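Visitor: I would like to go through some details of a protein model with you. Could we take them one at a time?

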Amino acid sequence: MSQHVAEFTHRLVSSPGGRIHLVEQGMGPLVLLVHGFPESWYSWRRQLPALAAAGYRAVAVDVRGYGRSSKPAATHAYRMLDLVEDNVSVVHALGEESAVIVGHDWGATIAANSALLRPEVFRAVGLLSVPYTPRGGPRPSDVFAQMGGDEEFYVSYFQEPGRAEAEIEPDVRGWLAGFYAALSADTMPAPGAPDPHFVSKAQTLRDRFPIGRLPAWFDENDLDVYAGEFERTGVTGALNRYRNMDRDWEDLAAFDGAPITQPSLFIGGSLDASTTWLADAIKAYPLTLPGLISSHLLDGCGHWIQQERPDDINRLLTEWLAVLPA
């Protein structure tokens with residue numbers, strides 16, 4: 001299907017945490033797009049027009065804690081249960097009963113749990129970069145603490161209140177540029193170089209980021225958008241997602257090992273640590289995602305998959321959407 005594509009429409013809708021900012025384009029079945037860290041609705045800028053042109057109502061949100069969405073002060077306000085209810089509120093505020101939900105990075109985990117917890121609202125789920133891993137195993141913070149040997153895993157680093165803020169907020173623009181470059185296929189450190197997902201003692205994450213290079217998919221104007229939002233809001237709301245992982249593990253105990261049965265899609269990058277570290281989760285999809293329609297690893301692609309390879313992602317998304325049950 002094709003149709004005239006209007007410009008982006010920005011709006012604010014009510015949610016349990018206050019408000020959610022969203023950006024909308026197109027008419028048709030609702031497709032809700034959920035970003036990851038450290039991004040915003042803007043990470044879907046290349047998907048919104050493509051989905052609208054294919055006959056869908058594409059809506060990208062600023063997750064709670066980001067952009068123009070509300071930023072509750074309490075750390076526990078960023079638990080997974082609350083983010084799922086934000087997504088439900090968006091669907092209902094748009095006058096819809098159900099939606100397809102697609103997420104990237106943390107957004108993939110939020111999308112997966114939205115489908116798991118509210119299957120009557122989310123009729124299908126697409127996951128980019130981060131595979132679905134059912135709740136289970138030891139407490140997450142205990143697992144992360146054991147990773148890296150003498151080094152510290154970035155998740156543990158992010159979980160300590162104020163610590164990552166002290167690194168990032170004095171130079172948001174420079175930190176973001178380095179972080180995006182560190183996980184992008186064309187600018188990531190060479191094999192054998194120190195891994196930017198880990199922190200050495202008395203150092204920071206930034207010490208391992210590439211310096212002075214932007215990925216090919218990303219220009220100064222894009223950096224202006226992302227940096228401008230985080231300079232205005234700070235990064236605590238975004239980092240609070242990491243600080244709720246143990247709380248989520250407790251909240252979701254009843255869903256231990258639970259599969260997601262709705263029609264699903266997975267797309268990862270072959271050079272993304274999220275897909276290589278979690279290769280066993282992808283192998284388990286016949287059990288954990290029994291409704292999986294298609295699964296793809298894009299050769300030579302890094303973590304920022306819908307921005308690095310927008311044409312491939314748009315094609316795979318629209319092909320998947322076209323075969324979903326009405």
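Visitor: Are Y154 and F158 buried or exposed?
Guide: In this predicted model, Y154 and F158 lie in helix 5, four residues apart, about one turn of the helix. Both of them are buried.

Visitor: Which kind of aromatic pair do Y154 and F158 form?
Guide: A pair of aromatic rings is described by the distance of the centres and the angle of the planes. For Y154 and F158 the centres are 5.6 Å apart and the planes stand at 85°. Planes over 60 degrees apart count as edge-to-face, so the pair of Y154 and F158 is edge-to-face.

Visitor: How many residues apart are Y180 and W304?
Guide: Y180 and W304 also form an edge-to-face pair, 5.3 Å centre to centre with 90° between the planes. Y180 belongs to helix 7, while W304 is in the loop between strand 10 and helix 14. The pair links distant parts of the chain, and its members are separated by 124 residues.

Visitor: Why does W304 count as buried?
Guide: Buried means under 20% relative accessible area. W304 counts as buried because its relative accessibility is 0%.

Visitor: Which helices do the buried residues of helix 8 pack against?
Guide: The buried residues of helix 8 are D222, L223, Y226, A227, E229 and F230. They cover an arc of only 155° around the axis, so they are on the same side of helix 8. The face turned away from that side carries the exposed residues N221 and E231. The buried residues pack against helix 7, helix 9 and helix 14.

Note on methods: Residues numbered from 1 in each chain as written. Predicted model: local features only at pLDDT ≥ 70, side-chain atom pairs only at ≥ 80, totals over all residues. Heavy atoms only, no water. Buried < 20%, exposed > 50% of the residue type's maximum accessible area, 1.4 Å probe, protein only. Helix = DSSP H or I, 4+ residues; strand = E, 2+ residues; numbered from the N terminus. Arc of directions from axis to C-beta. Contact = heavy atoms within 4.5 Å. Phe/Tyr/Trp six-rings, centres within 6.5 Å; stacked < 30°, edge-to-face > 60°.
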